[in-house]
Amino acid sequence: MSKIVEGLYYAESHEYVKIEGEYGYVGITDYAQHELGNVVYVDMPDVDDEVEAGADFGAVESVKAASDLISPVSGTVVEVNEALNDQPELVNTDPYANWIIKVQLSDASEAEKLMDAAAYKAFIGE
Amino acid sequence: MIYVALPNETQHRLPFYLAMEEYVARMLPVGDYFFMWQVEPSVIFGRNQLLNSEVDVEYCRKNGIQMYRRKSGGGCVYADRSNIMFSYITPDSNVNFTFNRYMLMVEHVLQKLGIDAKTTGRNDIVVDGKKVSGNAFYHLPERSIVHGTMLYDTDIERMVNSTTPSDTKLKSKGVESVRQHVTTLNKYLTISIEEFKSFVRENLCNSEIILDDVAVEQIKKIEQEYLTDEFIYGHNPAYTVINKKRIEGVGEFEVRLEVKKGVLRKVNLMGDYFLVGDLDGELLSLLNGVEYTPSAVENALQNVNTSNVIMNLKKEQFIKILF
């Protein structure tokens, strides 16, 4: 059974965003990391890059597949999780602690279009 | 499964077919699709691979072998017109399930031809323990693309030469290829490559869709991204260069450079040289964020006298250590 954290917002493409004030921390869900298998590389954007809700901003590659990362929110990348450069497997260990990018949100109301924990739980059929 | 055909026999470059997969995944109604394609000699490396640590770039340029990056994961492969490429597009998103089902379908077709084909855990199909097919997976939000090679025949020498990197000083932070022994299907078959393709198609597909010229134009638009230098070369993962050099009268040097997107990020210098200044503060830190080219490095060190940091070291000697 996949871990789902209360208080986060979830996208159908299995990314989550954790909102803290004007910032959003974006990563992939436990369900997604489980589906992908052992992560071997995370292709991240650069700081100051713009991301757009619904558009891809990088990829996660596992031993089996490369999967596009779709941003659930729009804004500017203010930080990337540098630890993933050397230890991409952290995404498997704890995907919620190991967010991928920190975004300065351009429109915080976008999160309302996403699913909450209960809706996401139903979406993945658990 | 539905076979996807093009409106005519025009030959395309490799990225066209990768774009065609994306077109099928993004534009066609939900369903299972399959098509086969062949290209002029090309190497294709995985999404997160470092070109120079996978490919002999000079050999490829000299021999007219094209170099392309794909969006699926995994390692580097060589293709020519006798290595048939298979593309499979499905709405299923579970990676293991989709992969296994597809691999078993292909394995089964080969077995029907009397070939003792087996799927391995590493997404390959082997015959007599040697690889005939390597497969990779690209996961889009609502579709999955699985594609792979099928070695009917090929120029093994060119395959080995083009995918053996000449530059072994580089250590990629990205994904490295797993090199394996290969064999070709024509050693086990008496039918021609065209007969083989027909057999595969008849066994996997029960209907056909023929794309029109409008679709081809749209595919060409998607193809543009694959053709950019930014995608092929700029998308390289970070890597480390390790150079060792002895300079007479100065000492032994070992430098480690971390390069990301063509820019120096971290420089370490070790050795038995004699330090007379602040190595990091007066020299190495000046290189952070500098483009990894001799001219850019020279520019960044314009006002530095290297012999004030390392005894007897001339600036041009230091630059030679870095490249």
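In this predicted model, strand 7 (residues 66–70) of chain A and strand 9 of chain B run parallel and are joined by 2 bridges. Strands of a sheet pair through backbone hydrogen bonds, in either a parallel or an antiparallel arrangement.

The contact between the two chains involves 17 residues of chain A and 20 residues of chain B. On the chain B side, two or more residues each come from helix 3 (95–112) and strand 9 (130–139). By class, this side of chain B comprises 9 nonpolar, 8 polar and 3 charged residues.

Within chain B, an open sheet of 3 strands shows mixed pairing and the strand order 4-3-5. Strand 4 (66–69) and strand 5 (77–79) of chain B form its edges, each pairing on one side only. From one strand to the next, the twist averages 25 degrees. Strand 3 (residues 42–45) of chain B runs antiparallel to strand 5 of chain B, and 3 bridges join these two strands. Here S42(B) lies opposite A79(B) of strand 5 of chain B.

Chain B is assigned two domains, with domain 1 spanning 2–232 and domain 2 spanning 239–322. Taken over C-alpha atoms, the centres of domain 1 and domain 2 of chain B are 42 Å apart. Domain 1 of chain B contributes 7 residues to the contact between them, and domain 2 of chain B contributes 5 residues. The side of domain 1 of chain B that touches domain 2 of chain B consists of 3 charged, 2 polar and 2 nonpolar residues.

Key:
Residues numbered from 1 in each chain as written. Chains lettered and ligands numbered in written order. Predicted model: local features only at pLDDT ≥ 70, side-chain atom pairs only at ≥ 80, totals over all residues. Domains from an automatic or database assignment. Nonpolar A, V, L, I, M, F, W, Y, C, P; charged D, E, K, R; others polar. Pairing = 2+ DSSP bridges. Helix = DSSP H or I, 4+ residues; strand = E, 2+ residues; numbered from the N terminus. Axes fitted to C-alpha atoms, helices over the stretch in contact; angles between N-to-C directions.
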